[in-house]
Amino acid sequence: MKKITKNTYLQWFKNMSFWRKFEDKCRSLYLKQKIRGFLHLYNGQEAIPAGITHAIDLSIDRIISAYRCHILPISMGVDPKKIMAELLGKETGTSCGMGGSMHIFSKKYRFYGGHGIVGGQIPLGAGIAFADKYFNRKSVTITLMGDGAIGQGVLHETFNMAMIWKLPVVFVCENNKYAMGTSIQRNNQIKELYKIGLLYEMPSLTVNGMNPENIAKSLYPAVDRARNGQGPSFLDIQTYRYRGHSMSDAESYRSKDEINFYKKQDPILKLKKIILNNKWETLDKLTLIENKIKEEIEYCVEYAEKSNFPSLKKMYDVVYKEKNYPFIDKE
């Protein structure tokens, strides 16, 4: 694995601060009805993409995820202004404005969604890994899921086949403890989710998800194992979302005291403290970085708002292969 240095921590701080402020801006735009439909924010979980992208090879490896997916493609290199444009439904977005919040996709940067069906991405991630093995590629696919997807039967089918075929895939549960709004302590017979992987003799472990260094160090052996033909692993990454499941979530299932308890473990504040304690940077410089981030995000919003909405013709282009659109009255 790439060495974790002072510069790594500074880059993590910059990236994770950007992701947090990007999501905060998305919330603001949603309240102004500039972003429509569903919106699932990533606040609190930023250490996960920071750790993952440090442990994988961004030039060949892949990530597939569920619908809490704005930040992950940015972590892989997708231009954030194109993500913002997609969220606003504009033609300059990653899917020409027709994917929206839950269906962001980038073939160029090997981010394969953004999937609205709970657990739907689990077999797809294994399928991508199967193709890599079939064509003797060295790529590894990180397949992310929430703890709510653990109860889907397709997870068990996929875990079983992935182990039989020794697929180059790493399954990662972003365990924010509540699925959509029910504690895993109430809806899961197996409370320690990593044990589900052990049922298939899959190397599995629980990881502290509030520290990117922990995540990178835990994930890299699993990535290495997959790349060398030894098959999949399963990581239960313990994290916490500071916002509701989506913007429509009243959050009646958890207390303010609980949220405040986890906010004291904020991964960004932890990074900031480590950087300052080690005198790797001054508080003034970190504040300057944060202010610069705000400017960058405002530019993303300006780009998105100035972009056009896709034409009606574009809708047919992404549904039908034939240019003549048979059986459709385009007028």
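Visitor: What relative accessibility does Lys195 have, and how is Lys195 classed?
Guide: Lys195 has 33% relative accessibility and therefore counts as partly exposed. Buried means under 20% relative accessible area, exposed means over 50%, and partly exposed lies in between, using a 1.4 Å probe and protein chains only.

Visitor: Where do these values come from?
Guide: This is a predicted model, in which local features need pLDDT of at least 70 and side-chain atom pairs count only at pLDDT 80 or more, while totals for chains, interfaces and linings use all residues. Residues are numbered from 1 along each chain as its sequence is written, and side-chain values use heavy atoms, with hydrogens and water left out.

Visitor: Which residue forms a salt bridge with Lys195?
Guide: The partner is Glu192, with the closest N and O atoms 2.7 Å apart. A salt bridge here is a side-chain nitrogen of Lys or Arg within 4 Å of a carboxyl oxygen of Asp or Glu. Glu192 is partly exposed, at a relative accessible area of 43%.

Visitor: How far apart are the closest N and O atoms of Glu46 and Arg20?
Guide: They are 2.6 Å apart in this salt bridge. Glu46 lies in the loop between H1 and H2, and Arg20 lies in helix H1, 26 residues away. Helices are DSSP runs (H or I, at least four residues), as strands are (E, at least two), numbered from the N terminus.

Visitor: Are Glu46 and Arg20 buried or exposed?
Guide: Glu46 counts as buried at 1% relative accessibility, and Arg20 counts as buried at 12%.

Visitor: What about Asp266 and Arg20?
Guide: They form a salt bridge whose closest N and O atoms are 3.0 Å apart. This pair spans 246 residues, with Asp266 in the loop between helix H10 (256–263) and H11. Asp266 is buried, at 8% relative accessible area.

Visitor: Which end of H11 does Asp266 cap?
Guide: Asp266 caps the N-terminal end, with a side-chain oxygen 2.8 Å from the backbone nitrogen of Ile268.

Visitor: Moving on to H11 itself, which residues are buried?
Guide: In helix H11 (residues 267–277) they are Pro267, Ile268, Leu271, Lys272 and Ile275.

Visitor: Why are they on the same side of H11?
Guide: They cover an arc of only 140° around the axis, which places them on the same side of H11. The arc is that of the directions from the helix axis to the C-beta atoms.

Visitor: Which exposed residues does the face turned away carry?
Guide: That face of H11 carries Leu269, Lys273 and Asn277.

Conventions. Polar contact = N/O pair within 3.5 Å; in protein donor to acceptor, adjacent residues only side chain to side chain.
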